[in-house]
Amino acid sequence: MSATPFDRRDGWIWYDGQLVPWKDAQLHVLSHGLHYGSSVFEGERAYGGEIFKSTEHSERLKKSAEILDFEIPYSVAEIDAAKRLVLEKSGMKDAYLRPVAWRGSEMMGVAAQANKIHLAIAAWEWPSYFDPAEKMKGIRIDMAEYRRPDPATAPSAAKAAGLYMICTISKHKAERKGYADALMLDWQGRVAECTGANVFFIRDGIVHTPMADCFLDGITRRTVIDLAKRRGFEVAERRIMPDELPSFNECFITGTAAEVTPVSEIGPHKYQPGNMTKVLMDDYSAEVQPKSKAA
């Protein structure tokens with residue numbers, strides 16, 4: 001990824017219905033979304049000029065906003081069209097896209113019913129979330145101190161910016177210790193997810209993954225589950241306890257940014273990226289390509 005700070009880049013950003021120069025896409029320091037976390041977003045990738053599962057992402061963006069008690073003033077179709085416009089204007093075929101919606105600056109306080117709802121969409125090059133050389137041999141993951149919250153205490157079904165605060169803290173701590181990411185438990189001490197990706201394990205030819213009932217049911221997660229089932233792999237979505245971690249043979253994580261990334265370590269536990277992980281990596285790579293090119 002470019003080392004240029006994001007606020008100093010060139011290009012175009014779709015902002016409240018129109019394309020504006022990248023450096024002009026700004027908001028006020030007293031925006032509600034900055035102070036109170038009233039913001040939702042999506043992470044999407046384009047491959048060969050087509051945005052993978054664009055409509056599913058737009059639908060989830062709208063739903064996340066509803067959960068946070070605001071309505072994005074654009075339809076799913078309009079959001080899809082705006083993303084295509086940004087991608088075309090950028091001149092990139094393979095890109096990462098970031099739609100983000102937030103409450104503006106009309107009111108400053110916990111309550112902000114009158115605030116304008118803004119929507120912006122940017123696109124940039126982001127080849128791989130992890131170093132490619134490290135990715136192929138499996139990344140190292142630490143155990144996070146913070147846990148995913150009880151869904152009775154936080155809007156866990158929304159891709160809400162505020163829910164990522166503990167993810168940033170956990171990933172920073174992991175990286176300072178030489179790890180690539182951190183595995184988070186849920187509020188009851190069960191395996192949940194990484195800081196920005198879902199987690200899968202393989203044992204005796206069966207794919208295991210935690211039930212997504214207190215964290216985001218990722219679009220990539222669902223895609224990989226479908227791909228595994230197409231292959232005839234048994235998939236067990238269930239409660240996974242930390243004491244099971246030594247019993248698995250393979251481990252990988254999934255996400256729009258991470259795609260399918262093998263894991264070689266979680267704390268003291270070692271894994272060997274194997275054939276099933278490689279098959280799912282290859283299947284996912286084929287799945288995201290525009291069908292005319294993948295055929």
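## Starting point

Helices (H or I, at least four residues) and strands (E, at least two) are DSSP runs, numbered from the N terminus. The model described here is predicted.

## The chain as a whole

The chain holds 8 helices and 16 strands. Its radius of gyration is 19 Å, close to the 19 Å that the globule rule gives for 295 residues, so the chain is as compact as a globular protein of that length. Along the principal axes, the C-alpha trace spans about 55 × 45 × 35 Å.

Buried residues account for 53% of the 295 residues. The accessible surface comes to about 13,900 Å². Carbon and sulfur atoms own 52% of that surface. Take the contacts between residues at least 6 apart in sequence: 69% of them join residues at least 24 apart.

## The largest nonpolar core

In soluble globular proteins, nonpolar side chains tend to be buried together. Here the largest nonpolar core has 26 residues. Which residues have the most contacts inside this core? They are Trp-14, Val-40, Phe-70, Ile-72, Ile-79 and Leu-119. Two helices, α2 (54-67) and α3 (76-90), each supply at least two residues of the core.

Setting aside residues up to four places away in sequence, Ile-79 touches Ser-58, Leu-61, Lys-62, Ile-72, Tyr-74, Leu-119 and Ile-121. Among these partners, Ile-72 and Leu-119 are also on the list of residues with the most contacts inside the core.

## Two buried strand residues

Tyr-15 is found in strand β1 (residues 12-15). Is Tyr-15 buried or exposed? Its relative accessible area is 13%, under the 20% limit, so Tyr-15 counts as buried. Beyond its neighbours within four places in sequence, Tyr-15 is in contact with Val-20, Ala-25, Gln-26, Leu-27, Trp-102, His-118, Leu-119 and Ala-120. Tyr-15 and Pro-99 are 84 residues apart along the chain, yet their C-alpha atoms are separated by 9.7 Å.

Leu-185 lies in strand β9 (residues 181-185). Leu-185 is also buried, with a relative accessible area of 12%. Leaving aside neighbours within four places, its contacts are Met-143, Arg-147, Arg-148, Arg-190, Val-191, Ala-192 and Pro-242. Leu-185 and Ala-122 are 63 residues apart in sequence and 32 Å apart in space, C-alpha to C-alpha.

Glu-56 lies in helix α2. Its relative accessibility is 31%, so Glu-56 counts as partly exposed. Past its neighbours within four places in sequence, Glu-56 is in contact with Ile-219 and Arg-222. From Glu-56 to Glu-44 the step in sequence is 12 residues. In space, their C-alpha atoms are 10 Å apart.

Lys-53 is not a glycine, yet its phi is positive, at about 50°. At 24% relative accessibility, Lys-53 counts as partly exposed.

Asp-204 is not a glycine either, and its phi is positive at about 55°. Where does Asp-204 sit? Its place is in the loop between β11 (198-203) and β12 (206-210). Asp-204 reaches 70% relative accessibility, over the 50% limit, so Asp-204 counts as exposed.

How values were computed
Residues numbered from 1 in each chain as written. Predicted model: local features only at pLDDT ≥ 70, side-chain atom pairs only at ≥ 80, totals over all residues. Heavy atoms only, no water. Buried < 20%, exposed > 50% of the residue type's maximum accessible area, 1.4 Å probe, protein only. Contact = heavy atoms within 4.5 Å. Rg over C-alpha atoms; globule rule 2.2 N^0.38 Å. Areas by Shrake-Rupley, 256 points an atom, 1.4 Å probe, with all protein chains shown as cover. Core = buried A, V, L, I, M, F, W, Y, C linked by side-chain atoms within 4.5 Å.
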